[in-house]
Amino acid sequence: MHERRFDASMAHRLDLPERLVWLPPQEVVQALAVSAGATVADVGAGTGYFALPLASAVGADGRVIAVDAQQDMLDHLRRKIADAAVANIELVCAEADCTSLPDASADLVFLANVWHEIPDRIAALAEARRILKSRGRIAILDWRPDVQPEPGPPLEHRLSAAGAAEELLAAGYQTVSRQNVGRYSWLAQAAAEG
């Protein structure tokens, strides 16, 4: 595990009730504008903070592929899926730059609170393009560097939305939009080339 990756032994922190106040998952899901029946690759899914609401948003005909590099995180999520009797989430243990998902298999690739952890963001963007369907979208949510460090990673690990937008454009994505969500986060979205 590299120094910036969230430690799975602290997974309980991802489900603290106060997180619902400063990063409401429904606010993010609404901003993502996912359609019923869509396939969403939630890369860096952790314990399912967004995977479960996304599964509800895409409905019974949709699918969420929860990708995480740490099996312990996926084990937490597996228990939540069983408790909630959710049938449209698939778990995949893989890195962001090598997901093992099929080509053109996702309508949306969503990376939440992991952008600052990814050592090779160029490779992760290329992998996202590979797994996106024609006219698919990518969405990156991460910690704002202009707010106090609690909660979240140290300020020196945080990246800006403007920097992410530049990386998206350099990787060939189009129509990048940026907005702040919750108290401490930004969301950048872009379309893959059609």
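**View A. Helix H2 and its surroundings.** The buried residues of H2 pack against helix H1 (19-22), H3, S4, S5, strand S6 (174-181) and strand S7 (185-191). The model is predicted: local features need pLDDT of at least 70 and side-chain atom pairs count only at pLDDT 80 or more, while totals for chains, interfaces and linings use all residues. Residues are numbered from 1 along each chain as its sequence is written, and side-chain values use heavy atoms, with hydrogens and water left out. Helices (H or I, at least four residues) and strands (E, at least two) are DSSP runs, numbered from the N terminus. The buried members of H2 are Pro-25, Val-28, Val-29 and Leu-32; here buried means under 20% relative accessible area, exposed over 50% and partly exposed in between, with a 1.4 Å probe and protein chains only. Seen down the axis of H2, these buried residues fall within an arc of 100 degrees and so line one face of the helix, the arc being that of the directions from the helix axis to the C-beta atoms. Gln-26 and Gln-30 are exposed, on the face of H2 turned away from its buried side.

**View B. Two alanines with a positive phi.** Just after H2, Ala-33 takes a positive phi of about 50 degrees, although Ala-33 is not a glycine. Ala-33 is placed in the loop between H2 and S1, and with a relative accessible area of 52% this residue is exposed. Ala-104 likewise is a residue other than glycine with a positive phi, near 50 degrees. The loop that holds Ala-104 runs between strand S3 (89-93) and S4. Ala-104 has a relative accessible area of 43% and is therefore partly exposed.

**View C. The largest nonpolar core.** This core has 30 residues, and those with the most contacts inside it are Leu-32, Phe-50, Leu-54, Phe-110 and Leu-141. At least two residues of the core come from each of helix H2 (25-32), helix H3 (51-58), strand S2 (63-68), helix H4 (71-84), strand S4 (106-112) and strand S5 (132-143). H3 gives the largest share, four residues. Another core lies apart from this one; it has 29 residues, among them Leu-111, Leu-125, Ala-128 and Ile-140. A nonpolar core is a set of buried Ala, Val, Leu, Ile, Met, Phe, Trp, Tyr and Cys residues joined through side-chain atoms within 4.5 Å. In soluble globular proteins, nonpolar side chains tend to be buried together. With neighbours within four places in sequence left aside, Leu-32 is in contact (heavy atoms within 4.5 Å) with Leu-54, Leu-108, Phe-110, Arg-137, Ala-139, Leu-187 and Gln-189.

**View D. Helix H5 and its cover.** Helix H5 spans residues 121-131, and its buried residues are Ala-124, Leu-125, Glu-127, Ala-128 and Ile-131. Viewed down the axis of H5, they fall within an arc of 160 degrees, so they line one face of the helix. An α-helix has 3.6 residues a turn, so residues three or four places apart point the same way. The cover over the buried residues of H5 includes strand S1 (39-43), S4, S5 and helix H6 (161-170).

**View E. The largest cavity.** The structure holds one cavity of 30 Å³ or more, and about 40 Å³ of space lies in the largest cavity. A cavity is a set of points, on a 1 Å grid over the protein atoms alone, where a 1.4 Å probe fits but cannot get out, and lining residues have an atom within 4 Å of a point. The lining consists of Val-43, Ala-96, Thr-99, Val-109, Leu-111, Ala-124, Glu-127, Ala-128 and Ile-131. S4 and H5 are the elements that give two or more residues to this lining, and H5 gives the most, with four residues.

View F. Val-43 is found in strand S1 and counts as buried, at 4% relative accessibility. Not counting residues up to four places away in sequence, Val-43 touches Val-67, Ala-96, Val-109, Phe-110, Leu-111, Ala-112 and Val-114. Val-43 and Leu-125 are 82 residues apart along the chain, and their C-alpha atoms are separated by 11 Å. Ala-66, placed in strand S2, counts as buried at 0% relative accessibility. Leaving aside its neighbours within four places in sequence, Ala-66 is in contact with residues including Asp-42, Ala-45, Leu-74, Leu-77 and Ile-89.

Technical notes: On a 1 Å grid over the protein atoms alone, a cavity is a set of points where a 1.4 Å probe fits but cannot get out, and a pocket is an open set with protein on both sides within 12 Å along at least five of seven lines; lining residues have an atom within 4 Å of a point. Grid points are joined across faces, edges and corners, and a volume is the space filled by probe spheres set on the points.
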